[in-house]
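Please view the sequence and the structure together while reading.

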Amino acid sequence: FTILNANNDDQTWEWYEGSNWISKISYVRCKYSLGYTTPMDDWLITPGIKLEKGYLYEFAFEAQTQYAAHVERLSAHFGIAPDPESMVNELVAPTDITKEEFGDKFRVQLTVPADGVYYFGIHGISDPDKYFLGVDNISIEKGPSTNSPASITDLKAEADKNGELKTTITFTAPSKNLDGGN
């Protein structure tokens, strides 16, 4: 991962290992900014990942705040280089993180304009004088081709009127693919 401390303070992303009441835990977190007057501006950027045009991908991660009284904030982006200037594709708009457990889960589907290597960045942008922003379970998964049929619509299931163990299922087949083409 690439870590960029864009506001040049002495706090940024770090690997954390600890324990809770039940087990050991480990995740990445952006250090607190207690007493600081500038907002957090720290990037956690994945290694380059080769993606192909014509496929749907899912970018996912979980986030938490160390203490609910200290609401944290983040956004997520992707681009063609591991630097903030290249993170031009917003995946998650600035979002407040309010839960102390990893309960804020983010899942975003995306396509890329061309085959190539792409980077995914989580941008810590909490207000000044907060605590810890945690991130865990980052994943990027390749999905179906964008030429695959879109979802069915008008799904209905009717139980047998005589009580037999059978069901009549009806739906409207898609006329478009995931890309919106016929």
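What percentage of the 182 residues of the chain count as buried? The share is 33%, where buried means under 20% relative accessible area, exposed means over 50%, and partly exposed lies in between (1.4 Å probe, protein chains only).

## Basis of the values

This is a predicted model, in which local features need pLDDT of at least 70, side-chain atom pairs count only at pLDDT 80 or more, and totals for chains, interfaces and linings use all residues. Residues are numbered from 1 along each chain as its sequence is written, and side-chain values use heavy atoms, with hydrogens and water left out.

## Fold and dimensions

The chain contains 13 strands and 0 helices; these elements are DSSP runs numbered from the N terminus, a helix being H or I with at least four residues and a strand being E with at least two. The order along the sequence is accordingly β-β-β-β-β-β-β-β-β-β-β-β-β.

The radius of gyration of the chain is 21 Å, whereas a compact globule of 182 residues would have one near 16 Å. This radius is taken over C-alpha atoms, and the globule rule is 2.2 Å times the number of residues to the power 0.38. The C-alpha trace spans about 70 × 45 × 25 Å along its principal axes. Of the contacts (heavy atoms within 4.5 Å) between residues at least 6 apart in sequence, 73% join residues at least 24 apart.

## Surface and charge

The chain carries 15 positive and 27 negative charges, whose mean positions are 8 Å apart. Lys and Arg count as positive and Asp and Glu as negative, while His and the chain ends are not counted. Each charge is placed at NZ of Lys, CZ of Arg, CG of Asp or CD of Glu.

## Salt bridges

The count of salt bridges is 6, each being a side-chain nitrogen of Lys or Arg within 4 Å of a carboxyl oxygen of Asp or Glu. One of them joins Glu 52 and Lys 142, with an N to O distance of 2.6 Å. Because Glu 52 lies in the loop between β5 (49–51) and β6 (55–65) and Lys 142 in strand β11 (residues 133–145), this pair ties together parts that are 90 residues apart in sequence. Glu 52 is partly exposed at 31% relative accessible area, and Lys 142 is partly exposed at 46%.

Arg 73 takes part in a salt bridge with Asp 96, the closest N and O atoms being 2.8 Å apart. Here Arg 73 in strand β7 (residues 72–79) is linked to Asp 96 in strand β8 (residues 89–97), 23 residues apart. Arg 73 also forms a salt bridge with Asp 127, at 2.9 Å between the closest N and O atoms. Since Asp 127 lies in the loop between β10 (116–124) and β11, this pair with Arg 73 ties together parts 54 residues apart in sequence. Arg 73 is partly exposed at 21% relative accessibility, as are Asp 96 at 40% and Asp 127 at 34%. Elsewhere, salt bridges that share partners join Glu 14, Arg 29 and Lys 31 into one network.

## The position of Asp 10

Asp 10 is located in the loop between β1 (2–5) and β2 (13–19) and counts as exposed, at 54% relative accessibility. Not counting residues up to four places away in sequence, Asp 10 touches Asn 5 and Tyr 36. The C-alpha atoms of Asp 10 and Lys 31 are separated by 9.0 Å, although these residues are 21 residues apart along the chain.
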